[in-house]
Amino acid sequence: MTEQPDTGPQHPGTPPGPDPLDTALRLVRAQTAAVKRFDASLGGLHGVSLSDFTVLLHLSQAPGGRMRRVDLAEALGLTASGVTRGLAPLERIGLVTREAAARDARVAYAALTPTGRDRLAEMLHTARQVAADHFAADRWSTEDLTLLSALLTRLGGTAPGQRLGQSR
């Protein structure tokens, strides 16, 4: 028997069915649980957070392993100062470096270092294992994952290197 979502209190004039707020809050809680799971594994094994991993992944998928900081901020949904704060510890441990543009000193790039690329390969192995455990075949069918992926994409959940509206 499939568990039906809590429809929450119905308000006059609201069509019957799942409450959009309840659905949104469930999504937030699921995202929080997934972040905790990734943070625990990536932090314990590699000393980085899921946020750090995501930055490194974006850089690895960019041409030349580097991105303008402003483009990285946009891709991550952060402000320019937010990306600068996020890059600082990665720069200190030698995974990312700051590069100035040859033609315009006002433009700064974040670039993945060779060490960063090597460490990212190790992190990818861990992240894939966490994801495989999270979406274990005994709980999730291929059809479930395909549908979930499509629904998350509809909500704006694109993969690193993708913009909303692009498909892989």
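Modeller: Ser 51 belongs to helix α2, which comprises residues 50-61. The model is a predicted one, and the values that follow are computed from it. Because its relative accessibility is 47%, Ser 51 counts as partly exposed, a class that lies between buried, under 20%, and exposed, over 50%. Along the chain, Ser 51 and Val 35 are 16 residues apart, and a distance of 8.8 Å separates their C-alpha atoms.

Asp 52 is likewise a residue of helix α2. Asp 52 is buried, yet no salt bridge is formed by it. The nearest side chain of opposite charge is that of Arg 119, at 8.7 Å, whereas a salt bridge requires the charged atoms to be within 4 Å. Leaving aside residues up to four places away in sequence, Asp 52 touches Gly 86 and Leu 90.

Helix α1 spans residues 20-46 and helix α5 spans residues 114-134; the two pack at an angle of about 145 degrees, and their axes are 10 Å apart. Their crossing is right-handed. On the side of α1, the contact is made by Arg 37, Phe 38, Ser 41, Leu 42, Leu 45 and His 46. From α5, the contributing residues include Arg 119, Glu 122, Met 123, Thr 126 and Val 130. Sorted by class, the residues in this contact are seven nonpolar, four polar and four charged.

Technical notes. Residues are numbered from 1 along each chain as its sequence is written. This is a predicted model: local features need pLDDT of at least 70, side-chain atom pairs count only at pLDDT 80 or more; totals for chains, interfaces and linings use all residues. Side-chain values use heavy atoms; hydrogens and water are left out. Axes are lines fitted to C-alpha atoms, for helices over the stretch in contact, and angles run from 0 to 180 degrees between N-to-C directions. Helices (H or I, at least four residues) and strands (E, at least two) are DSSP runs, numbered from the N terminus. A crossing is left-handed if the near helix is turned anticlockwise from the far one by less than a right angle, and right-handed if clockwise. Contact means heavy atoms within 4.5 Å. Ala, Val, Leu, Ile, Met, Phe, Trp, Tyr, Cys and Pro count as nonpolar, Asp, Glu, Lys and Arg as charged, and the others, Gly among them, as polar. Buried means under 20% relative accessible area, exposed over 50%, partly exposed in between (1.4 Å probe, protein chains only). Lys and Arg count as positive and Asp and Glu as negative; His and the chain ends are not counted.
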